[in-house]
Amino acid sequence: MNMTLLERLGGRQTIIQGVEATFRLLSRHPHPSHREEATCGDYAAFLREVLGAEPVEDGVHNLMCTLPATPGREGRPRLILQGHMDMVCACAHGFRPEDDTVNIVVRDGFLCSDGRSSLGADNGLGNAAVLWLLSTGQVAHGPLKLLFTTAEEVGLAGAKEVDPAWLSGGDCLLNTDGFHLGRAIVGSAGGRRETWSRREETEPAPNLPAWRITLTGGLGGHSGDDIHRGRGNPIKLLAGYLAGLPGGQIAALSGGIAHNAIPASGEAVVFAPKEPDLSLLEEALSLYREADPGLRAECVPVQAPERVWSPSFQAHALAFLNGLYHGVYAMDPAFPGVVGASANLGRAETAEGAFRVCTFLRAARQAEEDELAARHQALAQAHGFAGAVTGYPGWPGDRNNPLAGVLDRVWRQQTGRGLEISAVHVGLEPSVFQAKAPGLVMASTGPDILDAHSVDERAPLDTIPDYVLLLAGTLEAL
């Protein structure tokens with residue numbers, strides 16, 4: 001009697017244990033964007049020692065290898081399985097992303113971190129599922145390429161460096177960075193990373209008490225996947241409050257971690273004649289209680305810094321922060337329920353004598369990105385900020401995508417339910433690959449990941465087998 005895929009793979013618990021062990025192996029070194037060299041070495045070692053492959057590494061530590069087809073399947077479509085190795089490093093409690101390894105734990109049925117950092121399941125868990133599945137030798141497949149990229153989280157930078165020859169000869173590419181089990185992704189938003197800066201102008205501090213005002217406990221999250229959830233932005237909230245603080249003089253203002261992460265916290269050091277009244281700030285927080293229940297404000301006295309922002313600089317900086325767009329700008333008319341355009345004010349900080357502000361625009365349609373970009377550019381010009389911009393194109397969606405059709409048929413056979421075939425409001429690497437290999441049919445799937453780009457990032461263990469079975473069934477169906 002023929003064994004089912006699940007039986008061949010040893011059952012659900014074996015799959016969970018195998019993928020978790022592989023994920024831990026791939027996560028044993030710090031791997032923020034542009035610091036993936038050691039992790040690339042771990043991937044390469046797995047490919048050589050476990051899969052018997054001969055990986056090739058390029059100058060930015062992208063990694064590629066080929067795997068021969070199972071005997072008798074040499075003429076099947078040539079599939080590229082692809083994911084990224086880097087992670088967004090949301091941090092808390094002194095975690096140092098360039099030095100500290102994520103402490104992976106299992107809690108209440110979820111794979112998660114110990115709360116000091118994000119998990120890195122985006123995209124390490126999808127990669128682990130692919131590698132563990134292939135290591136079992138239990139799945140028949142056609143000719144395969146495996147491609148693992150770097151610096152995806154900073155504008156798809158690694159994908160931009162991929163040699164087109166690495167994609168040549170492929171018929172299909174399946175990206176494993178899809179986040180939501182039960183969905184086949186056939187399109188993604190373009191992205192525009194904006195970094196604004198202005199030289200900080202200061203003067204001697206006044207002879208007044210100094211206070212630190214903090215906003216902490218926010219959920220933060222992914223600036224594409226979570227932007228529609230209505231969470232508070234501590235940078236925007238602080239800027240709005242400080243603009244109306246009578247007699248307040250700012251010594252410092254900071255918050256957030258990255259262009260593409262919704263801020264979870266922020267703080268300001270201000271001079272004021274008496275302790276600032278936080279009632280107006282609390283009133284603003286009340287608008288976010290349902291979506292962001294842990295966000296809270298606090299004011300404590302601190303040792304007085306020697307200098308404060310000049311009145312002119314303070315006025316311009318606050319007007320700039322308050323004028324920047326944050327949140328959903330438009331919905332996508334082609335895919336009901338999907339955000340079409342948004343902006344995220346992701347980070348504000350002082351570095352090397354300049355006040356720097358990081359924003360991220362996402363849009364399915366170029367016209368809406370252009371509208372938001374023009375708004376930000378005019379605002380920056382009015383308030384003396386200069387901008388540096390990088391970006392990537394959108395990946396136009398097609399509901400009739402044939403690879404998504406295969407995924408859907410496999411999912412129906414396995415679960416009795418159809419996949420949701422849709423676009424997403426995040427950046428995915430197929431948007432870069434489409435120009436390098438115009439004939440390549442591409443789709444994206446992924447295991448369930450909740451609250452990516454935050455310290456609450458987690459993955460439900462009980463859904464991992466379903467994702468592995470979808471991958472296995474698709475390999476055999478092709």
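In this predicted model, a set of residues in helix 7, namely Ile 235, Lys 236, Ala 239, Gly 240, Leu 242 and Ala 243, meets Leu 318, Leu 321, Asn 322 and Gly 323 in helix 9. Helix 7 covers residues 234-243 and helix 9 covers residues 311-323. Two packed helices are described by the angle between their axes and the distance between the axes. Here the angle is about 135° and the axes lie 9 Å apart. Angles over 145 degrees would count as roughly antiparallel and those from 65 to 115 as roughly perpendicular, so helix 7 and helix 9 are oblique to each other. The crossing of helix 7 past helix 9 is left-handed.

Next, the nonpolar cores. The largest one has 68 residues, and those with the most contacts inside it are Leu 9, Val 19, Leu 47, Leu 131, Leu 133, Leu 146 and Val 468. Helix 4, residues 121-136, gives the most to this core, with 9 residues. Val 468 touches Leu 9, Ile 15, Val 19, Ala 129, Trp 132 and Leu 133, leaving aside residues up to four places away in sequence.

The backbone has some features to check by eye. Asp 122 and Asn 123 are joined by a cis peptide bond, with omega at about 10°. Asn 123 lies in helix 4. Leu 156 is not a glycine, but its phi is positive, near 55°. Leu 156 sits in the loop between strand 6 (144-149) and helix 5 (157-161), and it counts as buried at 1% relative accessibility. Phe 179 also has a positive phi, of about 75°, without being a glycine. The loop that holds Phe 179 runs between strand 7 (172-175) and strand 8 (183-188). Phe 179 is buried too, with 6% relative accessibility.

How many disulfides does the structure hold? It holds 0. A disulfide needs two cysteine sulfur atoms within 2.5 Å. The cysteine sulfur closest to that of Cys 65 belongs to Cys 40 and is 11 Å away, so the two are too far apart for a bond. Cys 172 is in no disulfide either, as its nearest cysteine sulfur, in Cys 65, is 18 Å away. Cys 65 is buried, at 1% relative accessible area, and Cys 172 counts as buried at 10%.

Conventions
Residues are numbered from 1 along each chain as its sequence is written. This is a predicted model: local features need pLDDT of at least 70, side-chain atom pairs count only at pLDDT 80 or more; totals for chains, interfaces and linings use all residues. Side-chain values use heavy atoms; hydrogens and water are left out. Buried means under 20% relative accessible area, exposed over 50%, partly exposed in between (1.4 Å probe, protein chains only). A nonpolar core is a set of buried Ala, Val, Leu, Ile, Met, Phe, Trp, Tyr and Cys residues joined through side-chain atoms within 4.5 Å. Helices (H or I, at least four residues) and strands (E, at least two) are DSSP runs, numbered from the N terminus. Contact means heavy atoms within 4.5 Å. Axes are lines fitted to C-alpha atoms, for helices over the stretch in contact, and angles run from 0 to 180 degrees between N-to-C directions. Angles under 35 degrees count as roughly parallel, over 145 as roughly antiparallel, 65 to 115 as roughly perpendicular and the rest as oblique. A crossing is left-handed if the near helix is turned anticlockwise from the far one by less than a right angle, and right-handed if clockwise.
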